[in-house]
Amino acid sequence: MAQRMLACTACHGPQGRAAADGYYPRLAGKPADYLYHQLLNFREGRRVYPLMAQMVDPLSDAYLLEIAEHFAGLEVPYPAPAPVNATRQEMQRGEQLVLRGDAARGLPACAACHGSALTGVLPATPGLLGLPRDYLNAQLGAWRTGLRKAHMPDCMADIARRLAPEDIAAVSAWLATQRIPTNTHAVAPSGMPLPQRCGSAPPPTGNRR
C-alpha cells in the first residue's frame with residue numbers, strides 16, 4: 001500500500017507527514033473517517049481542487065476507505081512548530097478563539113469540537129495541531145468563500161463566515177505555533193453536546209461505486 005501511495009506522498013510529504021511548502025497538509029495519523037470523507041468530498045465536488053478530484057474520481061468508495069485507513073495508521077513524528085509573524089495581540093486573540101470562542105459573536109471555541117487537546121475527536125473530527133499556517137488560512141478562507149463545503153448543516157462554513165479576516169489570521173498563527181502533545185491521537189467523544197449541529201462526516205449511505 002505504501003508503494004501505491006507514492007502518488008499521494010509526492011505532494012503530502014514522505015509518509016504523509018506534510019509538504020515543506022506549507023499548503024499540503026499532514027495525512028499521517030488523522031482519523032480514518034475524516035480522511036475518507038475528505039476523499040469523498042474531493043470526488044463529489046464539495047472540496048474544489050482539480051488535482052485531487054482527478055486522482056480520486058475513478059476510485060471506488062472501498063478503495064478510498066483503504067487509502068484513509070493506511071494513512072490513519074501511520075505513526076510518524078511531527079516537526080517542531082515553525083515561527084510565525086504575528087503580534088502579541090494577534091496571538092492572544094487566536095488563543096481566545098481556539099480555546100474559549102467569542103460568545104458575543106456566536107463563535108464557539110475550536111476546542112469544543114476538535115477536542116481540548118486539539119488532536120481531534122473520533123470518529124471523524126481532525127486535529128488542528130501540526131498544520132502549517134498557510135494551509136490553515138487557505139482552508140478557513142475556502143470555507144468562507146464556498147470553495148470547501150460539507151453535507152448540511154455545514155457548521156464549518158457557518159463558523160468561518162462569522163470569522164473576520166483578522167480572526168482567521170490570529171487563529172492560524174496561534175495554532176501553527178503550538179507544541180504537539182505526547183499523545184497525538186484523536187480522543188473519544190466526551191459525551192457533551194456539540195455547540196451546533198454539523199454534517200461534516202455523515203454516516204455511510206450505502207451508495208458504492
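Which side chain does that of aspartate 167 meet in a salt bridge? The notes below take up this pair and then other parts of the structure, keeping in mind that this is a predicted model.

1. The partner of aspartate 167 is arginine 93, and the side chains of the two meet in a salt bridge with a nitrogen-to-oxygen distance of 3.0 Å. This pair links distant parts of the chain, since aspartate 167 belongs to helix 9 and arginine 93 to helix 5, 74 residues apart. Aspartate 167 is buried, and arginine 93 is buried as well. For a reader new to the idea, side chains of opposite charge can pair when their charged atoms come close.

2. Arginine 93 also takes part in a salt bridge with aspartate 102, where the side chains meet at 3.0 Å, again from N to O. Like arginine 93, aspartate 102 is buried. A search of the whole structure finds 7 salt bridges, and the two pairs that involve arginine 93 can be read together when looking at the model.

3. Because 9 of its 12 residues are buried, helix 9 is largely enclosed by the rest of the structure. Among the buried residues are Asp167, Ile168, Val171, Trp174 and Leu175, and what covers the buried residues of this helix includes helix 5 (88–99) and helix 7 (133–145).

4. A further salt bridge joins the side chains of arginine 43 and aspartate 61, at 2.7 Å from N to O. Arginine 43 lies in helix 2 and aspartate 61 in helix 4 (residues 61–72), so the pair ties together parts that are 18 residues apart in sequence. At 12% relative accessibility arginine 43 counts as buried, because the cut-off for that word is under 20%, and aspartate 61 is buried too. A network of salt bridges links Arg43, Glu44, Arg46 and Asp61.

5. The side chain of histidine 37 reaches the backbone oxygen of aspartate 33 at a distance of 2.8 Å.

6. Phenylalanine 42 is another residue placed in helix 2, and at 11% relative accessibility it counts as buried. When residues up to four places away in sequence are left out of the count, phenylalanine 42 touches Arg47, Tyr49, Met52, Ala53 and Val56. For one of these, alanine 53, the C-alpha atom is separated from that of phenylalanine 42 by 5.2 Å, although the two residues are 11 residues apart along the chain.

7. What is the relative accessible area of methionine 55? This residue is placed in helix 3 (residues 50–56), and it is partly exposed, with a value of 31%. Together with Tyr49 and Leu51, Met55 makes a nonpolar surface patch of about 230 Å². Aspartate 154 is placed in the loop between helix 7 and helix 8 (155–162). Is aspartate 154 buried or exposed? At 12% relative accessibility, aspartate 154 counts as buried. Leaving aside residues up to four places away in sequence, aspartate 154 touches Trp143, Arg148 and Lys149. With tryptophan 143, the separation is 11 residues in sequence and 9.3 Å in space, taken from C-alpha to C-alpha.

Note on methods: Residues numbered from 1 in each chain as written. Predicted model: local features only at pLDDT ≥ 70, side-chain atom pairs only at ≥ 80, totals over all residues. Heavy atoms only, no water. Buried < 20%, exposed > 50% of the residue type's maximum accessible area, 1.4 Å probe, protein only. Helix = DSSP H or I, 4+ residues; strand = E, 2+ residues; numbered from the N terminus. Contact = heavy atoms within 4.5 Å. Patch = residues over 30% accessible without salt bridge, like charges linked within 9 Å, V, L, I, M, F, W, Y side chains within 5 Å. Areas by Shrake-Rupley, 256 points an atom, 1.4 Å probe, with all protein chains shown as cover. Salt bridge = Lys/Arg side-chain N within 4 Å of Asp/Glu carboxyl O. Polar contact = N/O pair within 3.5 Å; in protein donor to acceptor, adjacent residues only side chain to side chain.
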